[in-house]
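This report describes selected local features of one protein chain. Please consult the sequence and structure shown below.

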Amino acid sequence: MHGWGIAQKLAVLSKEALQLQEGTLYPALYRMEAKGWVSSEWSQSDNNRRAKYYRLTRVGRRRLEEQKESWDRLAEIVAAIFRQA
Amino acid sequence: MMDALRRIRFRFVTLFRRKQFEAEMAEEMRSHLAFEAAARREQGLDEAEAWSGARRAFGGFEQNKERCRDEARFVFLEQLVADVRYAARALAKSPSFTITAVLTLALGIGVNAALFSVVNMVALRPLPVKDPDSLVKISGRDARGRPQSAFSYTEYLRYRQEAGALESVIAFTTARWSFESETAAQPDPERDDRGPGRVPVAFVSDNYFDVLGGPIQIGRGFRPEEMRPGASPVIVLSNLFWETRFNRDPDVIGRAFTMDQKRVTVIGVAAPEFSGHEAVPPAGWLPLPTWSNRADDYGPTGPQDFGVIGRLKAGMNEEMAKADLDVIAARLASEFPGERAKSSVRLERGLRFLNLMRTAQGSRFVSLVVFGFGLVLVIACTNVTNLLLARGVARQSEIGIRLTLGADRLRIVRQLFTENVLLCFLGAVLGLGLATWTLQLLLPVVVSRLPTDWGFETRHLPFFDTVPDRRVLGFTALLTLGATLVVGMLPAWHASGANLIAAVRNEGTAFGRRLTASGLRKLLVIVQVAIALTLLSCAGVLVRNLVSRQKADVGYDAHAVFGVTLTPERMVQDWGQKFRQALETLRTVPGVAAVGVASPAPLQGQRGTQIRAASDPTGSPTRYALTSQVSDGFFDTFRIPLLRGRAFAPSELHSGVQAVVVSEALARDLWPGQDALGRTFSEQVSGDVFRECEVVGVARDIMMQPFHDERRVVYHPAQLDVWRGAALFVRPREASAPALAEIVRAARSAGFDLQFERRYSFLVEYFLLPSYAFAVASAALGALALGMASVGLYGLMTFSVNQRVREIGIRMALGAAGGKVVTLFLRQGLRLVAVGLVLGLIGGSIFTVALGKMLYGFIEPFDPVAFGAVTLLFILIALLACWLPARRATNVDPMVALRAE
């Protein structure tokens, strides 16, 4: 998916709550590419516009899983604290 | 996989295609904007509003790009790439400096790479066999500890059967067989060519080709029925022989040739890369049973003529194998006792041409040579370091400005260091190329001077391949690394420590102020001078040695003497008798002027003995002398005049009376000023047993050995048993091809086969070869060192003059004469040279003394003429190197100098 598409998808999924600024989005994408978590290639979009498409690499996928796990764990811990308090 | 590719592309573009990176980034942003605008238009806004809305939502273009750039950084790599680019540009901008530095480094590294290449070829590179490092050459030691390098056939078989530590054992022996002897020509004396009469052949066991992994190019290897005794002989030709004798004719398979009076059929040709167990292949390989047709030769009492090589089983090492084989050796020694029975074995791992590091003396010699070559590299490095230091001083203003603008000192050091690394790298590549090219030119010349009786070229052998292999490349890389560290760090560090104010104001040196780097540079020049002089004095000594050896009188006329061989000895029962008969008959042949026998022959070996004058009481120290057993015709054959007395009478040969002929040096030593005829002295037989010898003749001194020329010789009449191993010499009345052929014919009609080898003078020349090689090599090194040191000196002086231009101008404006300015600089330069000279002479003495110890008797270390000549040469060149720049100083126009910026 290309950069704009990612931003749109995130906005939709979070029901307009998360509106990524371009100033955050692209630096993040470039950082991830530098670290090897995503790879990019130029391609044509549906309306025939040239755009840079990003996809997760194998390493990136693994990293995603790790992040997801730690996020879940964090959420669990915080929820537990609030339940007790 | 695709991910990895894309990642590489990303890195490459980010680092090396910056423009493309920027363009892609910009396009990505633009396309994002376009998408955003499109979305807004779908919501109903018009074109212009859609776009402005999108741009507002996007935010700052440039800030965004900057943030992205920050994320996609590989700082270290980027800086490295930038440094390399900058370095390349900087070097290109000062071509004369770059060329000088690169050339100097190339010479220093190249010379060492060439030496290592040769060492690699000779002593490090394994021979082209399968898995050479698990092969061990087996030899033995007898009860007295003397090495015995060959075994009998029975011993070989027993080792093969009983050695548990070895997975296979092969045996081989060699001989020189005539090849189509009826048509083979005798050596043409006019051309002194390598007579093609006899060729070396090897006889090998059935598993030879399998164990060594020798591929057969055409035809086949041995079949079991061909390995039986009594089978008709077959041969597998070596590729080299096939190429030179048969012109690669594939029809040679199946053809039969007469070799050593037998019909031998060719069954195959080995592949070009296979040369057997030695560096130079024989003409071909035959089955071991065809070596002799006497069964006794293969029995326990047969000759110990077989070399044995084994392959270690997996997991075995030499110690374990030695223990295993020692047991077998002991068993054999008890079963077949004898003087040559072996009580223990010696194993040598890996097959190499020469094992230089085996003896302590050998390895010391090698280290000395390596050290000498290394010194050249040191000079090269000091030269380049000086150049770089000078360059650093010249760039003070540039560096000063950069420092003032806030550049990190470490960053500048890194950048300067990168420049130097690039220099060293270029120098190394050029040096390696030069070395390989030079070797490829030189090696065939050297090889063609070696004695081979082949009639064909050995220079195409894979052994002499000069292409650098991984060992040479690794060594060169190591050298380059060392050079880089030395040459690169110091000047880079120095240059970056600029005095900011002075640099910006471009005050290189104010009047009389000392240069920051000058002390170091002076030291380096002194080192260069010292090294150059060390190498030069060594060269001087070796060159003088060569000259004196060439002029040395051998004492005999070797030119018209030919070594000859008679038919293979083991065919005949009572060899000594037969040989003596042959000699008598030969003497009567009309074309023969003289015939002689010697064991050992001059220059072909030496045997020493201890003697005591008759007047010396028992127990007094003995004197050393050489000894040789000769026939009465020996002196005639070599034209050694008998100054007193006579040679041996036939009755004195093989009788118990020890009538001897002595050399005049011996006579002078034992009885100075007196007539030696009829006198007696005692000669050691063994231990404390001496025997009396009576002098019947005194011969002129001759050169028996090439090194450590001992001229005291005792000649004994040749005993019967000696004739088997003695060398036979013939002086024909006329040394032309037809005359020699006539002698051979006469010999054959008398019942035996005669073969002329080459002229004896060739042997004399051959022994001068090492002196030649040493002299040439050291002279070349010395000249190289001299050149580099003078260039270094010249460079330093020039630089000094340039830096002090203002000072010179002021002096001259104040009235100093041009001459005074010149002397000022001359004195400065010569002071350095003087210190370097003293150090160099000391170093040279140490070096030549060490060399003299290695090559005992070979050279005279303290040769004042050589040292003096060399010092004089150096002073002259140094004077020139100092004077030229100094003279240019006087051409400085004071007005220009004072205004110089």
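Is B:Leu434 buried, partly exposed or exposed? With a relative accessibility of 32%, B:Leu434 counts as partly exposed; buried means under 20% relative accessible area, exposed over 50%, and partly exposed in between (1.4 Å probe, protein chains only).

## Basis of the description

The model is predicted: local features need pLDDT of at least 70, side-chain atom pairs count only at pLDDT 80 or more, and totals for chains, interfaces and linings use all residues. Residues are numbered from 1 along each chain as its sequence is written, chains are lettered from A and ligands numbered from 1 in the order in which they are written, and side-chain values use heavy atoms, with hydrogens and water left out.

## A nonpolar surface patch

B:Leu434 lies in helix H13 of chain B; helices (H or I, at least four residues) and strands (E, at least two) are DSSP runs numbered from the N terminus. Together with B:Ile99, B:Leu103, B:Leu430, B:Trp437 and B:Leu441, B:Leu434 forms a nonpolar patch on the surface, with about 570 Å² of accessible area in total. Such areas come from the Shrake-Rupley method with a 1.4 Å probe, and for residues only the protein chains shown count as cover.

Patches are made of residues with over 30% relative accessible area and no salt bridge, like charges being joined within 9 Å and nonpolar side chains (Val, Leu, Ile, Met, Phe, Trp, Tyr) within 5 Å. A salt bridge is a side-chain nitrogen of Lys or Arg within 4 Å of a carboxyl oxygen of Asp or Glu. Helices H6 (95-124) and H13 (409-448) of chain B each supply at least two residues of the patch, and H13(B) provides the largest share, 4 residues.

## Helix H20

The buried residues of H20(B) are B:Ala739, B:Leu740, B:Ile743, B:Val744, B:Ala746 and B:Ala747. Viewed down the axis of H20(B), these buried residues fall within an arc of 160°, so they line one face of the helix; the arc is that of the directions from the helix axis to the C-beta atoms. The face turned away from the buried side carries the exposed residues B:Pro738, B:Arg745 and B:Ser749.

## Strand S13 and its partners

In strand S13 (residues 592-599) of chain B, 7 of the 8 residues are buried, so the strand is largely enclosed by the rest of the structure. S13(B) pairs in the antiparallel sense with strand S21 (residues 727-732) of chain B over 6 bridges; two strands pair if DSSP finds at least two bridges between them. B:Phe729 in S21(B) is the bridge partner of B:Gly596.

S13(B) also pairs in the antiparallel sense with strand S15 (residues 623-630) of chain B, over 2 bridges. Here B:Ala598 stands opposite B:Val630 of S15(B).
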